[in-house]
Amino acid sequence: RRVIEADLTASERTAHHRAAARVLAARGADPARVLHHAARGHVPDLVREQALLAAGQAVAAGAHRQAAAHLALLLSFRDQLPADTVAAALTDRAHSLYLLNRFAESQRLAVESVQMWETLGDPARLGRALVGLARTGLWAVGPRFAEQAAQRAVAAAEQARSRADDGPATVLLAQAHAELARSCGNLATLGPVSEPGPRAVEHARLAVELARQTGRDDLVAHTLTYLGAERLSNGDPAGRDQLDEAVRI
């Protein structure tokens, strides 16, 4: 196959990739396989569709390196894609890179996604991008930077919730308060970098209350971890109860 492909002209190779992409897409083939041919065949609409599917599958499998690669391929076509697609891909790729400990690159993409969502005027997606910026900014820049991003995330989430008091808006607000607690408190992961304080406990407690309203166990466990850690760092041994509950969940 490689010998035959190498013997093709550039235009022939592009045409064959384009044909293969369309046939495979029509057959419902694996999105990553379709994406391979769609990108090399320069079919932006198909790249957009299949990259999002492939990245979603990779994230669901915990394969964030692969998800980041699919989204990078999608972003290579950014000049031919709608602005909201580009902004969403930046947000998602920043998150995958954060989970891969590539904090500087993640933070750069997160900043760009925040700027785009501000321009597009979508408070819910802006809030999500800011939560991502707070998470990766904690390691790429520092706790104060993360705290500012988290404060902006809370404001955006509250605006989104005022427009539509639904589950996703409450989830976003819980996540934003959790990140605010994380950034302004003294979690075990930060050690002496920050100082313990009651503000962190307050935000963590509010995050837990909001998380329980959503009915999402993963979010409840996530926020309980922050509350328990913050209470312990403030000298309250009862924080162990929240950590025990998070572990049970």
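**Exercise 1.** Which residues of helix H13 (residues 239-248) are buried?

*Solution.* The model is predicted: local features need pLDDT of at least 70, side-chain atom pairs count only at pLDDT 80 or more, and totals for chains, interfaces and linings use all residues. Residues are numbered from 1 along each chain as its sequence is written, and side-chain values use heavy atoms, leaving out hydrogens and water.

Step 1. Helices are DSSP runs (H or I, at least four residues), numbered from the N terminus. Buried means under 20% relative accessible area and exposed over 50%, with partly exposed in between (1.4 Å probe, protein chains only).

Step 2. In H13 the buried residues are Gly239, Gln242 and Ala246. They lie on the same side of H13 because their arc around the axis is only 60 degrees, taken from the directions from the helix axis to the C-beta atoms.

Step 3. Arg240, Val247 and Arg248 are exposed on the other side of H13. Helix H12 (217-233) is included in what covers the buried residues, where contact means heavy atoms within 4.5 Å.

**Exercise 2.** Describe how helix H11 (residues 198-214) and H12 are arranged.

*Solution.* Step 1. The axes, lines fitted to C-alpha atoms over the stretch in contact, with angles from 0 to 180 degrees between N-to-C directions, come within 8 Å and cross at roughly 160 degrees.

Step 2. H11 and H12 are therefore roughly antiparallel (angles over 145 degrees).

Step 3. Residues of H11 in the contact include Ala204 and Val208, and those of H12 include Leu224 and Leu227. By class, the contact has 11 nonpolar, two polar and four charged residues; Ala, Val, Leu, Ile, Met, Phe, Trp, Tyr, Cys and Pro count as nonpolar, Asp, Glu, Lys and Arg as charged, and the others, Gly among them, as polar.

Definitions and conventions
Helix = DSSP H or I, 4+ residues; strand = E, 2+ residues; numbered from the N terminus. Parallel < 35°, antiparallel > 145°, perpendicular 65-115°, else oblique.
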